[in-house]
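Here is a brisk report on one protein chain. Keep the structure open while you read.

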Amino acid sequence: MLQTSPLQSVGGVLTPRGTLVIDPSLEYDYSADDQLSLNGFTILPGITFGQLLLARVRQSMVTPALTLRYGLTDRLELSARVPFVYAYQETVTQSILQQSGGGTTVGVLAPSAHGASIGDIQFGASYQFNAGGGGVPIVVGNLIYKTATGTSPFSVPVYTTADPNGGIISGIQKKVPTGTGFAALEPSITLLYPTAPGILFANLLYIHNFGRTVDVQDPGGGPAVAADAKPGDAVAATFGIGFALNDETTFTLSYQQEHVFGATFNHVAVKGSAYDFGTFNFGIGYQISKSTTINLGVGIGAGPNAPVAKVLVDIPIRF
């Protein structure tokens with residue numbers, strides 16, 4: 001999830017003992033992916049016989065969510081986040097069939113899909129280990145457990161060869177999943193170093209995905225086949241600075257780099273499933289009152305595997 005401020009859940013501003021924070025939010029994510037596949041053969045560079053399939057996938061996702069944070073002690077904070085996901089996806093496919101006689105057939109299809117349901121609920125805790133000062137940064141440990149309550153990618157129907165134009169679009173999802181399909185445990189360490197009028201921060205995160213048995217659908221229309229699947233674990237590092245523009249307004253800049261390790265399928269490594277991506281983030285916070293703040297955050301993806309853009313608005317309210 002995109003964060004608008006490093007001070008929302010770490011450091012000296014962990015929720016005080018006995019205080020409840022209700023944080024409604026709305027996030028928009030946009031991603032794009034281009035793919036090229038060949039079912040045929042090449043006899044000379046630039047001369048191909050068979051079928052070329054070009055696919056452009058565009059996905060928009062809107063996620064309203066409600067996050068609750070409670071200060072169990074002055075140094076221990078508990079949290080829970082319940083998202084609802086609405087997603088829309090369009091896959092533009094262009095099939096180019098080149099025949100040995102020199103003829104070429106071009107077909108363009110644009111199947112669309114959407115999904116709307118609860119997402120993956122999260123439960124978390126943050127603990128502040130020290131008070132900082134004397135040139136020593138504040139150290140906070142965080143732990144999040146992400147459930148698999150959202151619609152799994154393995155449970156949504158797909159186009160098969162029995163559908164109209166199924167030979168071109170077989171395997172494409174008819175609905176968009178609203179969850180990853182796998183539970184995950186996410187421990188992290190945050191360092192927070194005040195240096196007036198700003199604050200330097202860094203975070204090191206590890207994501208462990210739990211594998212499970214899934215039913216893999218057959219694009220040919222046959223029965224689903226059970227298989228053991230496990231997404232790759234991931235590590236991410238974030239660093240940035242946040243500072244006060246005045247008594248009511250704060251501004252944050254950060255960069256996150258993430259590496260995702262390769263996945264396994266039936267305990268066999270999936271080639272090409274490891275990847276890296278980065279995200280530039282900036283956020284603005286404005287204190288409406290002593291108990292209410294409104295935050296706006298924007299994330300811009302860096303690299304071909306990153307989401308194109310993210311926008312987050314949230315309004316934490318203290319009680």
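In which sense do strand β16 and strand β17 pair, and over how many bridges? Strand β16 (residues 275-287) and strand β17 (residues 293-302) pair in the antiparallel sense, over 10 bridges.

## Basis of the model

This is a predicted model, in which local features need pLDDT of at least 70 and side-chain atom pairs count only at pLDDT 80 or more, while totals for chains, interfaces and linings use all residues. Residues are numbered from 1 along each chain as its sequence is written, and side-chain values use heavy atoms, with hydrogens and water left out.

Two terms come first. Strands (E, at least two residues) are DSSP runs, numbered from the N terminus. Two strands pair if DSSP finds at least two bridges between them.

A hairpin of 5 residues joins β16 to β17. Gln287 stands opposite Thr293 of β17. β17 also pairs with strand β18 (residues 309-314), again in the antiparallel sense, over 6 bridges. Here Leu296 has Val313 in β18 as its bridge partner. The hairpin of β17 and β18 has 6 residues between the strands. In that hairpin, Gly303 takes a positive phi near 110°.

## A nonpolar surface patch

A nonpolar patch on the surface has about 960 Å² of accessible area in total. Its members include Leu26, Tyr28, Tyr86, Tyr286, Leu296 and Val313. The patch rule takes residues with over 30% relative accessible area and no salt bridge, and joins nonpolar side chains (Val, Leu, Ile, Met, Phe, Trp, Tyr) within 5 Å. Areas come from the Shrake-Rupley method with a 1.4 Å probe; for residues, only the protein chains shown count as cover. Strands β1, β3 (76-98), β17 and β18 each give two or more residues to the patch.

Tyr28 lies in strand β1. Its relative accessible area is 35%, so Tyr28 is partly exposed. The classes are these: buried is under 20% relative accessible area, exposed is over 50%, and partly exposed is in between (1.4 Å probe, protein chains only).

Pro24 counts as partly exposed because its relative accessible area is 33%. Beyond its neighbours within four places in sequence, Pro24 is in contact (heavy atoms within 4.5 Å) with Ala65, Leu66, Val313, Asp314 and Ile315. The C-alpha atoms of Pro24 and Pro316 are separated by 6.7 Å, although these residues are 292 apart along the chain.

## Salt bridges

How many salt bridges does the rule give? The count comes to 5. The rule asks for a side-chain nitrogen of Lys or Arg within 4 Å of a carboxyl oxygen of Asp or Glu. Asp23 forms a salt bridge with Arg69, with the closest N and O atoms 3.4 Å apart. This pair links distant parts of the chain: Asp23 is in strand β1 and Arg69 in strand β2 (residues 47-71), 46 residues apart. Both Asp23 and Arg69 are buried. Asp23, Arg69 and Glu77 are linked in a network of salt bridges.

Asp120 and Lys146 meet in another salt bridge (3.0 Å, N to O). Asp120 is in the loop between β5 (112-118) and β6 (122-128), and Lys146 is in strand β7 (residues 138-146), 26 residues apart. Asp120 counts as buried because its relative accessibility is 8%. Lys146 is buried, with a relative accessible area of 8%.

Asn209 lies in strand β9 (residues 198-209). Is Asn209 buried or exposed? Its relative accessible area is 13%, so Asn209 is buried. Not counting residues up to four places away in sequence, Asn209 touches Ala183, Ala184, Lys230, Pro231, Gly232 and Asp233.

Two of these contacts, Lys230 and Asp233, meet through their side chains in a salt bridge (2.9 Å, N to O). Asp233 is buried, at 11% relative accessible area, whereas Lys230 is partly exposed at 26%.

## Nonpolar cores

The largest nonpolar core has 8 residues: Ala184, Leu205, Ile207, Ala234, Ala236, Val260, Phe277 and Ala306. A core is a set of buried Ala, Val, Leu, Ile, Met, Phe, Trp, Tyr and Cys residues joined through side-chain atoms within 4.5 Å. Apart from this core lies another, of 5 residues, among them Ile138, Leu192, Ile199 and Phe201.

Methods
Helices (H or I, at least four residues) and strands (E, at least two) are DSSP runs, numbered from the N terminus. Patches are made of residues with over 30% relative accessible area and no salt bridge: like charges are joined within 9 Å, nonpolar side chains (Val, Leu, Ile, Met, Phe, Trp, Tyr) within 5 Å.
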